[in-house]
Amino acid sequence: MGNCRSRDDAAITFHRKSSSSEVSQDGLQHQLDFASTTVDENHDDWFCAPAKVNGVKMAMDKAEEKSAERDLYTLLQEARTLDREGKHDEAIDMYKKVLAIQKTKLRDDESYLIAMTYSSMASVRLKQEKIAEAMKFYESMVDILKRTRYLNSMIFVSDKCTHIAEKCDRLSTKLQKNIHPGKARIMDLYRRKLIIEEEILGSQHAMVYSTCECISDRVNRLANALEEPDEIIDLFQQELTLYKDVFGDQHRAVAKAYRKLANALRDQNKLNESLGVLSEELAVRRLSLSDEENDSISTAYKSMAAIRLEQGQLDDAMDCYQQQLNSDRRSSVDKNSALVAETYHNMGKALEQSGNLTEALEFYKQELAIAEEDRQGNEVVHSTRPHECIARVLEAQNRLDDAMQMYQRIARIQEEAFGKCHSLLGKTYNAMGSILQKQGEGEEAQAMFQKATQF
């Protein structure tokens, strides 16, 4: 047993020596060979020898780990130096050596270090304006970090996706290739970012909406650079599909994308298709009871009414305006009167242009009632639009005395608001002169016209 104790003491000595960073790899290998030989030659001491073998093996593993760390640090420093010196291809080669070591030596919970190496390689390629290669490296980084499932890593990926996309955008512009072949990959990065943020933060989080705004802005810039109408429409359809894939069919971003697509279709005179898309938007908007969604519903009905008027379908347009009114009335109190007044005005204007003067007059009067109420509660409100519309319709109906009274009322409001020398008064006096002329009051009409020229 004494012999065993002395050998055990020796194994411990070897282990202590091997724990020192000064012990060479060759020295450790010699210790391992010695311990293994001891096991073969001393079968009666089999219960002591494994301790020696395992101790030396652990020491070798630690030494290999330290050696790998030193190699990685050296290679990374060399790669960064080469990058700073502008030797980008050589830097990439050095980073590839780093990757080779990392993939064999790092533990699973250290895989984020591999992701960071891919990120560094992508940055080098972006400096060389090699967008396609940079995107591949970034995609490798994203895939690794997504597998880690760590919250911080996921948020980092989300931010990195935006950073990459913005860099690619700037490079595309610099290369005078606004519609760059890599635009699909750039949009895919935004898609990944949205998926990550929605998964971590939820679809209603402010960061998610911010990303949607970034995508919307990018799509708008691409659309402005396109000349073919079909390509513009296809671009807005791609944006709509992106939001549907990430959020499903009932998200606010989906509704906004419907609106953009509807406007694009209307610009191309595809009115029926535009109406169909607006109906899809409304179906999404109606799921929310918020004031913001009510305002958007109101605007959608307004657009539908305008399209119906372009198609010469007055009754359908009035139905849309009535739906808009219903939505306006559900909005918050501080906005209600202005929204309703605007809709009354549009309804009156549509009827007036179609020759339905009596009905138009009624809607203008309802607009005026709201305007008068606002004037009583707010001295800075000086709009005379409903008064002018009523006066114009009365004149068209040949109700000249009533029209003159309305213009006189307009003049008083303008004098109170702007003084007696404002240019708006000149326009009102001209209108009054025209009525006097129609009434056969030639001298008074000329005096009024002369008065109007003073402004």
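Reply: The questions below concern helices, their packing and the nonpolar cores. This is a predicted model, in which local features need pLDDT of at least 70, side-chain atom pairs count only at pLDDT 80 or more, and totals for chains, interfaces and linings use all residues. Residues are numbered from 1 along each chain as its sequence is written, and side-chain values use heavy atoms, with hydrogens and water left out.

Me: How many helices and strands are there in the chain?

Reply: The chain has 20 helices and zero strands; helices (H or I, at least four residues) and strands (E, at least two) are DSSP runs, numbered from the N terminus.

Me: Why is α4 called roughly antiparallel to α5?

Reply: The axes of α4 (residues 88-105) and α5 (residues 111-127) cross at roughly 170° and come within 10 Å. Axes are lines fitted to C-alpha atoms, for helices over the stretch in contact, and angles run from 0 to 180 degrees between N-to-C directions. Angles over 145 degrees count as roughly antiparallel, under 35 as roughly parallel, 65 to 115 as roughly perpendicular and the rest as oblique. The crossing angle therefore makes α4 roughly antiparallel to α5.

Me: What makes a set of residues a nonpolar core?

Reply: Such a core consists of buried Ala, Val, Leu, Ile, Met, Phe, Trp, Tyr and Cys residues joined through side-chain atoms within 4.5 Å, where buried means under 20% relative accessible area (1.4 Å probe, protein chains only). The largest has 78 residues, and Leu194, Tyr243, Phe247 and Met318 have the most contacts inside it. Apart from that core lies another, of 27 residues, including Leu72 and Met94.

Me: What share of the residues count as buried?

Reply: Of the 455 residues of the chain, 44% count as buried.

Technical notes:
Buried means under 20% relative accessible area, exposed over 50%, partly exposed in between (1.4 Å probe, protein chains only).
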